[in-house]
Amino acid sequence: MASDAGLVEYICEQLRGVGGISARRMFGEYAIYAGRKVVALVADDRLFLKPTKAGRALLVTPAEAPPYPGASMYFVLDDHVDDADFLATLVRATESELPEPAPKKPKKPKKPKNPGKPEAG
């Protein structure tokens, strides 16, 4: 089930104090970015935060579940979506522990389909 875009907008608005927050639609669901780092996912209208030691310390006993079948466990933040200050603190702590994303490899130029054959003109 695809998540509601309005919920994603609301979550991004709740995180306005973090700065650099954006969302990108992926496979019918959404990834939440802090700068260039994916810090959370919105799937089935639920907010899933990437697990980190800092996040676990702030949540004490976090609820955990996979955001989609076959995924690793994430922290489920259903009870914290409306608390903008705490949510921002969690996202800042999570973002600070996550590594920078690997740089994208440059695209290779496309090879001609039929090398050696002149193109029709």
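D4, E9, D44 and D45 gather on the surface as a patch of negative charge. A patch here takes in residues with over 30% relative accessible area and no salt bridge, with like charges joined within 9 Å and nonpolar side chains (Val, Leu, Ile, Met, Phe, Trp, Tyr) within 5 Å. Lys and Arg count as positive and Asp and Glu as negative, with His and the chain ends not counted, and the place of a charge is NZ of Lys, CZ of Arg, CG of Asp or CD of Glu. All of this comes from a predicted model, in which local features need pLDDT of at least 70 and side-chain atom pairs count only at pLDDT 80 or more, while totals for chains, interfaces and linings use all residues. Residues are numbered from 1 along each chain as its sequence is written, and side-chain values use heavy atoms, with hydrogens and water left out.

D4 is partly exposed, at 46% relative accessibility. The cut-offs are simple: buried is under 20% relative accessible area, exposed is over 50%, and partly exposed is in between (1.4 Å probe, protein chains only). Accessible areas come from the Shrake-Rupley method with a 1.4 Å probe, and for residues only the protein chains shown count as cover. D44, another member of the patch, lies in the loop between β3 and β4 and is partly exposed at 36%. D44 also has a positive phi of about 50°, although it is not a glycine.

There is a positive patch too, made up of R24, R36, K104, K107, K110 and K113. R24 belongs to strand β1 (residues 21–26) and, with a relative accessible area of 46%, is partly exposed.

Next come the salt bridges, each being a side-chain nitrogen of Lys or Arg within 4 Å of a carboxyl oxygen of Asp or Glu. The whole structure holds five of them. One joins the side chains of E95 and K37 at 3.3 Å, N to O. This pair links distant parts of the chain, with E95 in helix α3 and K37 in strand β3 (residues 37–43), 58 residues apart. K37 is buried, at 8% relative accessible area, whereas E95 is partly exposed at 25%. K37 also meets E100 in a salt bridge (3.7 Å, N to O). Because K37 lies in strand β3 and E100 in the segment after α3, that pair ties together parts that are 63 residues apart in sequence. E100 itself is exposed, at 55% relative accessibility. Put together, K37, E95 and E100 are linked in a network of salt bridges.

Another salt bridge pairs R46 with D78, whose closest N and O atoms are 2.9 Å apart.

L98 is found in the segment after α3 (84–97) and is buried, with a relative accessible area of 14%. Leaving aside neighbours within four places in sequence, L98 is in contact (heavy atoms within 4.5 Å) with K37, V38, V39, K50 and T52. By C-alpha positions, L98 is 24 Å from D45, which is 53 residues away in sequence.

V39, one of the contacts of L98, lies in strand β3 and is buried at 0% relative accessibility. Beyond the neighbours within four places in sequence, V39 touches I32, Y33, A34, F48, L49, K50, V91, T94, E95 and L98. The C-alpha atoms of V39 and P51, 12 residues apart along the chain, are 8.9 Å from each other.

T52, also in contact with L98, lies in the loop between β4 (46–49) and α2 (53–59). T52 is buried, at 8% relative accessible area. With neighbours within four places in sequence set aside, the contacts of T52 are F75, T94, E97 and L98.

Finally, V60 is found in the loop between α2 and β5 (64–65). V60 is exposed, at 62% relative accessible area, and has a positive phi of about 65° although it is not a glycine.

Methods. Helix = DSSP H or I, 4+ residues; strand = E, 2+ residues; numbered from the N terminus.
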